[in-house]
Every structure is written in C-alpha cells, then in structure tokens.
Amino acid sequence: VSTQSTWGLYIVALAVSCCLIMLSILLVLVISLVSCQNIYNVQFVNNRDCVAGVPDPRPDKVSPDVALKWLIEGNKRWVDMKYRCDDDKHAENRLYHNNGQWPFASIVSCSDSRTAPELIFDSAIGELFIVRNAGNTVDSKFPGGVVASLEYASFKLTCNLIVVIGHTSCGAIIEAIKANATNSTAATPALSDLIRNLQPAVDLAYSINSTMYTIAKATAKDTYPPEDIVLAVTQANLNITITNILKMSTGLSGLVQSGSLAIIGAGYDMWTGKVHFLTKVGNVTLPPDN
C-alpha cells in the first residue's frame with residue numbers, strides 16, 4: 001500500500017510539473033506575440049466596425065462632414081501606426097463585400113506607388129471609391145474616365161464627398177515643371193498628353209509668383225526642381241482639377257449646389273504621412289489645424 005501511495009504521489013507531481021511547463025510555454029508565446037505586434041509601436045484598433053465599414057444599420061449615404069471625419073480619423077491612425085484592421089478582418093471584409101459596395105467617399109489621387117489611399121486613410125475594402133492616374137488630373141478630352149467614375153460613385157453608389165489629393169515630390173508635377181522650363185517634349189504621345197494636362201497648373205503657379213519661373217529655368221538641369229515650386233504647382237493642380245470636374249459634369253455640380261455633395265482638395269506629405277485638407281467646394285467644414 002505504501003508503494004502504491006508513493007507511486008501515486010509521483011504521478012501527481014509529474015502531472016503538476018507538466019501543467020506548469022505547458023503554462024510557461026503558453027506564457028512565452030503570448031509575450032512573443034505581443035512583442036511582435038508592438039515592435040514598431042503598431043496597434044490594431046477597431047473604432048468603427050472593420051467588417052461593416054460603417055455603423056449598422058448602414059445608412060444609404062453619410063454627409064460630407066461625417067465622411068471627412070472618418071478620413072481624418074483614418075489618416076491619424078496611419079500617422080500614429082495604430083491600424084483599425086488586422087489581416088483576419090480584411091479577409092472577413094472581402095467576403096462581406098461580395099454582396100455589394102457602400103463607399104463613403106470618392107478619392108482622385110496620383111498613381112504614385114507610395115500614396116495608396118486605402119493605406120493613408122487606414123480604410124477597409126469597400127469604403128473608398130478610388131480613381132488614380134499620374135498627377136491626379138482630369139483630361140478635358142476624355143470626360144468618360146475620371147469624371148464618369150466620380151458620377152458613378154455619387155449617383156449609383158453612396159459617395160457624398162470627393163477628395164482630390166496630390167502629394168509631395170510628385171513625379172508627374174516635376175516632369176511638367178521641367179518640360180515647361182526646357183520647352184521639351186515627352187518620350188511618347190501619351191506622356192505628352194499628361195504633361196499638357198498639367199501645364200495649366202504650372203502656368204497658374206507662375207502667375208501667382210513669377211519668380212518661380214526664373215528659379216525653375218535656372219534649376220532646369222537639376223534632378224529635382226525646388227520643393228516649394230513643386231508644392232505650388234501641386235496645389236494649383238488641385239484647384240484646376242476640381243474646377244474641371246465641376247465644369248465637365250453638370251450632374252456633380254448640381255449635387256454641390258444642392259448641398260448634398262462636397263469636393264475637397266488635399267495634399268499628402270510623404271515624409272510625415274499626414275494629409276492636409278486645403279480647399280473645398282460645397283457644404284463641408286475643413287478641420288482648423290491644417
């Protein structure tokens with residue numbers, strides 16, 4: 001009996017030891033996962049339902065002010081590296097939106113690979129209707145491209161806000177500045193059309209500050225023109241693009257006049273990650289700390 005009791009104690013001690021070892025391993029795994037998640041100060045938060053995109057019950061459309069609020073919140077998460085959705089949520093969201101899309105804003109942005117709107121606004125799939133091209137411009141000869149896409153988003157989908165967004169160090173803007181300074185042509189007809197579309201922005205910026213043209217001519221052989229000239233032309237291009245959208249679409253201009261649609265011109269700073277909302281047309285309030 002004594003021997004059996006001794007063996008029983010051994011078995012109990014062994015079981016306890018195994019449990020402690022398993023708990024220790026589990027604790028190490030948990031600590032490792034937390035450390036990996038925060039190695040770059042990255043956190044996943046869920047201020048708004050990542051799967052549904054907007055709070056349920058889903059409204060058909062949200063106001064321009066609400067849409068802008070969500071964009072500002074998303075950009076702040078991007079700057080702070082506190083993202084709303086992890087990979088599992090993105091996968092779940094993809095399945096959810098197989099049944100349809102309900103974007104809350106349209107974005108006209110540059111095709112630059114460093115300026116993806118879904119990332120800089122920390123948005124889930126199905127939330128933003130995005131139209132991209134080099135220089136975030138509108139071709140007056142082809143309204144069926146950018147303008148028709150924006151009309152589709154506002155009339156057929158759920159977008160009451162359009163944001164035209166440029167960015168620092170834009171390659172298309174730089175090429176337009178250099179072409180203007182050297183009176184040169186682009187390598188292909190299509191690129192020539194792109195530069196032609198951007199020339200009014202260069203002319204507008206120089207009409208506001210004529211010394212910029214002199215500086216651009218003097219630095220024409222440099223790899224990059226001065227950044228203040230690039231930024232001035234970028235902002236001029238925002239204003240021209242918004243004007244062209246309204247001029248080329250009586251439908252969108254009608255929505256703006258009725259107060260249901262607003263258009264914003266914005267700039268993305270690639271160094272800081274922050275989006276600055278610079279100008280507006282329509283019934284929407286820009287943030288004061290821009």
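Tutor: A crossing is called left-handed if the near helix is turned anticlockwise from the far one by less than a right angle, and right-handed if clockwise. The model is predicted, so local features need pLDDT of at least 70 and side-chain atom pairs count only at 80 or more, while totals for chains, interfaces and linings use all residues. Residues are numbered from 1 along each chain as its sequence is written, and side-chain values use heavy atoms, leaving out hydrogens and water.

Student: Is the crossing of α5 and α10 left-handed or right-handed?

Tutor: The axes (lines fitted to C-alpha atoms over the stretch in contact, with angles from 0 to 180 degrees between N-to-C directions) of helix α5, residues 146-156, and helix α10, residues 250-258, come within 9 Å and cross at roughly 45°. Helices here are DSSP runs of H or I with at least four residues, and strands are runs of E with at least two, numbered from the N terminus. The crossing of α5 and α10 is left-handed.

Student: Which residues of α10 does α5 meet?

Tutor: Contact means heavy atoms within 4.5 Å. From α5, V147, L150, E151, S154 and F155 take part, and in α10 they meet G251, L252 and L255.

Student: What is the relative accessible area of N237?

Tutor: N237 lies in helix α9, residues 227-248, and touches residues including N136, I173 and L198. It is buried (under 20%; exposed is over 50%, partly exposed in between, with a 1.4 Å probe and protein chains only), with a relative accessible area of 2%.

Student: In β7, what is the bridge partner of I264?

Tutor: Strand β6, residues 262-268, pairs with β7 in the antiparallel sense over 6 bridges, where pairing requires at least two DSSP bridges. In β7, the bridge partner of I264 is K280.

Conventions: Lists of a residue's contacts leave out its neighbours within four places in sequence.
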